[in-house]
Amino acid sequence: MNVALVKPTSDRASGESFAAARSRLPGSGVVSEVREAAFAEFSKRGLPHRRVEEWKYTDLRVMLREVAPLAVNPDEAALNRAAAAVASLDVTDTCKLVLVDGSFAPHLSDVASLEAGVRLHTLREILETADNSTRADLLRTNATSDVMVALNAAMATDGVVLGVDNGVALKRPIHIVHIATQSNAASFTRSLIKIGEGAQVTLVESFVAAPDAKSYQVHDALVSWAGDGANVHHVRLVEDARDASNISTAIVTLGAKTQFNSFSLTSGSALSRYQAFVRFGGEEAVANINGVNLLKDRQHGDTTLVLDHMVPHCDSREVFRAVVDDRAHSVFQGRINVHPDAQKTDAKMMTRALLLSDEAEADNKPELEIFADDVQCGHGATTGALDDSLLFYLRARGLPEKEAQALLIQAFVGEAMESIADEQLRETAVATAARWLATRG
Amino acid sequence: MPAELETVERVRRIDVDQYRYGFETIIESDKAPKGLSEDTVRFISAKKNEPAWMLEWRLEAFRRWQTMQEPEWARVSYPKIDYQDVYYYSAPKKKPELASLDEVDPEILKTYEKLGIPLREQEVLAGVVRPEGERRVAVDAVFDSVSVATTFQKELKEAGVIFMPISQAIREHPELVQKYLGTVVPTSDNFFATLNSAVFSDGSFVYLPPGVRCPMELSTYFRINERNTGQFERTLIIADKGAYVSYLEGCTAPQRDENQLHAAVVELVAHDDAEIKYSTVQNWYPGNSEGKGGVYNFVTKRGDCRGKNSKISWTQVETGSAITWKYPSCILRGDNSRGEFYSIAISNGFQQVDSGTKMIHLGKNTTSRIISKGIAAGKSQNTYRGLVSAHRKATGARNFTACDSLLIGDKCGAHTVPYVEAKNSSALFEHEATTSKISEDVLFYCVQRGLSQEEAVGLVVNGFVKDVLQQLPMEFAVEAQKLISISLEGSVG
């Protein structure tokens, strides 16, 4: 213990990449100052490692080693490849907003068909043109001091900035599509979404690769506010290339009486980390946060949730499932913080990991931190293999071993997927799981 | 709300008079100079007439300790400890060697009598007729830095059990001590364990030869008496093949305005088919109603299930100490070995508890069970921190964990921080945790039937901790139950 880690050379490399990238980052003046400060923070702390409690199981110094050079703005050829990736998306009938290598691509996006009551800007546009106070605020957050969020603020090139007016009920989901076309490059995006009081919104995020994009890095942040009484459905699908890395953060603030329903499915990426910070800012809000990680080969999938119950009478439910095959490694960390005034909080968290191979690994860390007494809080965590007696039952009825396993795994992840309200999205998630199972060796 | 106000009022009243063991024994004592240096280590070693290898072992630990930093990861906060402002050795002045209990300073015997500890075996020796089959307890009493009396020596010797102060064991059984000391908790283990390795003064040593079932419960009572004194006891228990022992430990200290330091190390080794049951009732002085004073309890306890089919079980009732930092753990090395951890941790006033366990599954078909009950009242913070891990070769590992926390009052906090790490697919781990307050409905039901509010809470709390109390040896269970109600007295309204 107490061993001081020598700062690896990779941090110096990212320092150089910031200097190289600086001229290509949008915004000047106060924006540059915020970026400089954020980057200074990152250089001071470096990539998080196993001695940083929040990153205990995902040591970026070992797994990511260094931050790749900033991706260049996509050219015509890159956009064409991105268009192919958009065309092959499973989710259709959404209002797509496409980010290619960290730049908004208006021609691939359904800007024209945005519904009334939705205002769209790009992060780049605001950073370059808006007044000082607005610009700098876009890159600031006080929800977390996580160093990867600071790095994101320093490097973010683009993203979507959406406003949904009070009382608007959107008919089609808004779909942010992240496409990587370049290999060995990093994209940094930050999107901000403000949902008005009583509005109803379905938000989908997809992370995909254009054909032949390899070993790239995605660094994304999503910051959203849900006004009082809003109803928000959020679905994230991570299908990045199998040698890519995806480090994403969601920062969500919920108003009074909001309904927030979030589901995240990770089947792509060699290394993925999804960290969500959800803050209950108004009473009687309800949050359901669910997720499934499907991992094989040497994939590493980390889901980290932090729920802050700041006010009384809020409910939160988390259901998380991980299916881990081959030499893959699943990590789930979930913390429920109940602050002193948050009486009558009802919070439950359940995480289960299914290990399909002897070399698979699952680490679970569900935490409760409770400072109010009149609460009902609980968490559960299980780790295990497929139940032999269930397998035997199915095989006795003539199912081949793989099929029997697939059936049980589908049921295992189904519980978390049931929470997706939108039928099309739910079916997409189920189909993704089925595809994943079909490719099991 | 009047009920809540009343609660606050009552919590406020939890004061020094709550702590029954807060008296001080005035005796002359022999102390090492204040502060810590190589000389202090040499002084302690010389006081104990230790062989050269022991001194070398201590010095090595001390040198290592100087390079280490105090850990900061636990959820406890306290002012920086000045390690130079503590006495590391204090012994009641006495004749060089004691032949019998009669030679023990009567003041000390009185202290233990006040604590209700039956040190004197005279009764038995005088032929007082005891009911057949009544359980007896052999006691080793440690007063500040030295062991003052060990009872039932003769009878234990006949059974082949070695039960003596560790300082004596170092002189009389160096081969055993050398073979086992520091093999479970190495000198380099952590800041407090390393400090203990350098300056430990006394503690108990137990060795059970193969196949011996210890004829009675063994017990040690620890008492910190001197002002500004740290207690650093070291306990080493070895159960050879097929042996069984049940060991109890109790702790108290006088009330003091300043904080006292307690950094103990307990090492258990269980060979093939052996079983060790280790129970603790920890009731160090928790500090007064303003959070002043109290014992800092930084303890490293670890059991090594070295042999096949071995079993180690930890049971603890933690009611005292201003700060508790304690994680009794099991290393399940032998195939089919089993580890158990049963804990009741109660915090009131300004107490801070960060306690839990580690179950490290290394052998095949190893099983473990963790039952932790935390009760937080007053302005206290109560944290369960635990690790369950299965290594790649630990096929068939099984764990069940249940951590429940009960909150009494709205100024306290209860936290649960479990780590569950599985590195092979045949490991089956289940963990569950809940936090809530005592249900109003249940209280109402009890009060309706004529119980007072306090009695009703006592009933509910006793039901809440029953799973753990059942694991305690009978003599301790009664004591523990009383302690729990004293600890919580006045915290409910």
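A residue is called buried here if 20 or more other C-beta atoms lie within 10 Å of its own, with C-beta atoms placed from the backbone. Please keep in mind that the structure in all of these views is a predicted model.

**Figure 1. Helix α2 of chain B has a buried side and an exposed side.** We start with α2(B), which spans residues 38-47. B:Thr40, B:Val41, B:Ile44 and B:Ser45 are its buried residues. Looking down the helix axis, you will find these buried residues within an arc of 135°, so they line one face of α2(B). An α-helix has 3.6 residues a turn, so residues three or four places apart point the same way. B:Asp39 and B:Ala46 sit on the other side of α2(B), where they are exposed. The cover over the buried residues includes α3 (52-66) and α9 (191-199) of chain B. After the helix comes B:Asn49, with a positive phi near 55°.

**Figure 2. Strand β6 of chain B is largely enclosed by the rest of the structure.** Which strands does β6(B) pair with? One is β5 (residues 162-165) of chain B, antiparallel to β6(B) and joined over four bridges. In this pairing B:Met164 stands opposite B:Phe205. Another is β8 (residues 234-239) of chain B, which runs parallel to β6(B) and is linked with it by four bridges. There, B:Tyr207 has B:Ile238 as its bridge partner.

**Figure 3. Helices α2 and α7 of chain A cross with their axes within 8 Å.** The two helices cover residues 30-45 and residues 147-155, and their axes cross at roughly 145°. The crossing of α2(A) and α7(A) is left-handed. On the α2(A) side, the residues that meet α7(A) are A:Val34, A:Arg35, A:Ala38, A:Phe39, A:Glu41, A:Phe42 and A:Arg45. Their counterparts in α7(A) are A:Val147, A:Ala150, A:Leu151, A:Ala153 and A:Ala154. Sorted by class, this contact holds nine nonpolar, no polar and three charged residues.

**Figure 4. Chains A and B meet in a contact that takes 33 residues from each of them.** On the chain B side, β22 (398-408), β23 (413-422) and β24 (428-437) each supply at least two of the residues that touch chain A. By class, the residues on this side of chain B are 14 nonpolar, 13 polar and six charged. Strand pairing also links the two chains: β18 (residues 361-370) of chain A and β23(B) are antiparallel and share six bridges. To pick out one bridge, look for A:Asp363, whose partner in β23(B) is B:Glu421.

**Figure 5. B:Asp273 and B:Ala274 are found in the loop between β11 and β12 of chain B.** Although B:Asp273 is not a glycine, its phi is positive, at about 60°. Is B:Asp273 buried or exposed? With 21 other C-beta atoms within 10 Å, B:Asp273 is buried. B:Ala274 is buried too, with 30 other C-beta atoms within 10 Å. Leaving aside residues up to four places away in sequence, B:Ala274 touches B:Ala239, B:Asp240, B:Lys241, B:Gly242, B:Ala243, B:Tyr244, B:Gly307 and B:Ser310. Between B:Ala274 and B:Arg306 there are 9.4 Å in space, C-alpha to C-alpha, and the two are 32 residues apart in sequence.

Figure 6. In chain B, the loop between β12 (275-282) and β13 (294-305) holds B:Ser289. The C-alpha atoms of B:Ser289 and B:Asn348 are 9.3 Å apart, while the two residues are 59 apart in sequence. In chain A, the loop between β16 (329-338) and β17 (346-355) is where you will find A:Lys344.

**Figure 7. Chain B as a whole contains 12 helices and 24 strands.** Of its 493 residues, 55% are buried. Among contacts in chain B between residues at least 6 apart in sequence, 84% join residues at least 24 apart.

Key. Residues numbered from 1 in each chain as written. Chains lettered and ligands numbered in written order. Predicted model: local features only at pLDDT ≥ 70, side-chain atom pairs only at ≥ 80, totals over all residues. Contact = placed C-beta atoms within 7 Å. Nonpolar A, V, L, I, M, F, W, Y, C, P; charged D, E, K, R; others polar. Pairing = 2+ DSSP bridges. Buried ≥ 20, exposed ≤ 12 C-beta atoms within 10 Å, placed from the backbone. Arc of directions from axis to C-beta. Axes fitted to C-alpha atoms, helices over the stretch in contact; angles between N-to-C directions. Left-handed = near helix turned anticlockwise from the far one by under 90°.
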